[in-house]
Amino acid sequence: MATKNRPRSRRSHQRDGAPYVAPVLDPTWQSPYVPSSAERHAHVVALRRYAVRRRLPATIGVGVVALVLIALVGVSVWFALAGVLVAVVYAWDLRRSLVGIESQGHRLGVTMRESFSLAGTSSDRARLGTILERLAATFGVDGVETMIFDDPVYNAALVPSGSGLSFFVSVAALHDFELIELEGVVAHCFARHRLGLLERQSVAAVSSLSDEARRELSSPGSAYRADEVAAAAIRYPLGLAGALRRCAEQSVPATSFFAGANYAQWRGIFFNPSSGRVTDLTDLDDVSVRAAALEEW
């Protein structure tokens, strides 16, 4: 009768002369593919800094006036009280303004819905709804409205819409992508939500900014990071890579939404923010770069 293989004990390792190394568990370890609270907070801070910079000239002006009035306390105490009152009132107004700027992006979903021609059959919506429902639990997303729009270019976006979220996807992507590729696209968009990117990217999309300032507010290179989070969650990087390859190989017709001015302003919120551009291997948001990274993972 064959003898059973038994695991070697600590004593057997010591008899062989090999030192025994006790396992050490680090309770603070966190997977690099899971968005951290610090990472999310960094995006919140970036948006608030942008909001503060927009009010900076007025803040400096009001601060100077308040300090001058307070300095006149030797002339009359009423000047000092007026200075304090000016500072308090402006601080309240500044806080209100910051909250208003942060919530500007919430109207993006409604604006996009008005800009697209909606399409898709009932079976298309059912297929998309099944994918969204399955991945929503994984990424902690709830109550997502689905929007299928008529366009021959592959692209998608998850955007704030009032108090909820709307997922937009072109009918071309829905029809041509394989199931695992479409899941990769949805996972990428949900990963942006988990990373805390949607707020700053939606504000960038609705604000009057230069292309450079809008890209900076949208967090350049963040699409690459969202790919990492998405691929780790669905455990199949090649599905997402396949979707990116399809985007990279597609040309954009002049009649497409993705050749127009609205896309140029909103591109930071989309799955493929480089649609219609020449491939740039130094850009981490470029779909060719992202596909190559996932294929080597």
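These notebook entries record what I looked up in a predicted model.

**Entry 1. Ground rules**

I worked from a predicted model, in which local features need pLDDT of at least 70 and side-chain atom pairs count only at pLDDT 80 or more, while totals for chains, interfaces and linings use all residues. Residues are numbered from 1 along each chain as its sequence is written, and side-chain values use heavy atoms, with hydrogens and water left out.

**Entry 2. Salt bridges**

I began with the charged pairs. Side chains of opposite charge can pair when their charged atoms come close. I took a salt bridge as a side-chain nitrogen of Lys or Arg within 4 Å of a carboxyl oxygen of Asp or Glu. The structure holds 10 salt bridges.

I looked at glutamate 145, which pairs with arginine 113, with 3.0 Å between the closest N and O atoms. This pair links distant parts of the chain, since glutamate 145 is in strand S1 (residues 144–149) and arginine 113 is in helix H5 (residues 108–115), 32 residues apart. Helices (H or I, at least four residues) and strands (E, at least two) are DSSP runs, numbered from the N terminus. For exposure I used relative accessible area: buried is under 20%, exposed is over 50%, and partly exposed lies in between (1.4 Å probe, protein chains only). Glutamate 145 counts as partly exposed because its relative accessibility is 35%. Arginine 113 is also partly exposed, at 26%.

I noted the network too: salt bridges link Glu39, Arg225 and Glu228.

**Entry 3. Helix H10 and its charged side chains**

Within helix H10 (residues 211–217), I found aspartate 211 and arginine 214 three residues apart, about one turn of the helix. Their side chains meet in a salt bridge of 3.7 Å, N to O. Which of the two is buried and which exposed? Aspartate 211 counts as exposed because its relative accessibility is 60%, whereas arginine 214, at 10%, counts as buried.

I then followed arginine 215, which forms a salt bridge with aspartate 283, the closest N and O atoms lying 3.1 Å apart. Arginine 215 lies in helix H10 and aspartate 283 in the loop between helix H13 (261–266) and helix H14 (287–295), so the bridge ties together parts 68 residues apart in sequence. Arginine 215 is partly exposed, with a relative accessible area of 35%. Aspartate 283 counts as buried, at 10% relative accessibility.

**Entry 4. The largest pocket**

I next looked up pockets. On a 1 Å grid over the protein atoms alone, a cavity is a set of points where a 1.4 Å probe fits but cannot get out, and a pocket is an open set with protein on both sides within 12 Å along at least five of seven lines; lining residues have an atom within 4 Å of a point. Grid points are joined across faces, edges and corners, and a volume is the space filled by probe spheres set on the points.

The largest pocket has a volume of about 280 Å³. It is lined by 17 residues, of which Arg215, Arg267, Gly268, Pro273 and Arg277 are the closest to its centre. H10, helix H11 (222–234) and H13 are the elements that give two or more residues to this lining. The largest share, three residues, comes from H10. By class, I recorded four nonpolar, six polar and seven charged residues. Here Ala, Val, Leu, Ile, Met, Phe, Trp, Tyr, Cys and Pro count as nonpolar, Asp, Glu, Lys and Arg as charged, and the others, Gly among them, as polar.

**Entry 5. The second largest pocket**

The second largest pocket holds about 160 Å³ of space. I listed its lining as Arg40, His43, Val44, Leu47, Arg48, Glu102, Gly196 and Glu199. Helix H2 (residues 37–54) gives the most to this lining, with five residues. The lining divides into two nonpolar, two polar and four charged residues.

**Entry 6. Helix H3**

I recorded a nonpolar surface patch formed by Leu56, Ile60, Val64, Val68, Leu72, Val75 and Phe79, with about 590 Å² of accessible area together. Patch residues have over 30% relative accessible area and no salt bridge; like charges are joined within 9 Å, nonpolar side chains (Val, Leu, Ile, Met, Phe, Trp, Tyr) within 5 Å. Accessible areas come from the Shrake-Rupley method with a 1.4 Å probe; for residues, only the protein chains shown count as cover. Helix H3 (residues 56–71) gives the most to the patch, with four residues. Valine 64 lies in helix H3 and counts as partly exposed, at 47% relative accessibility.
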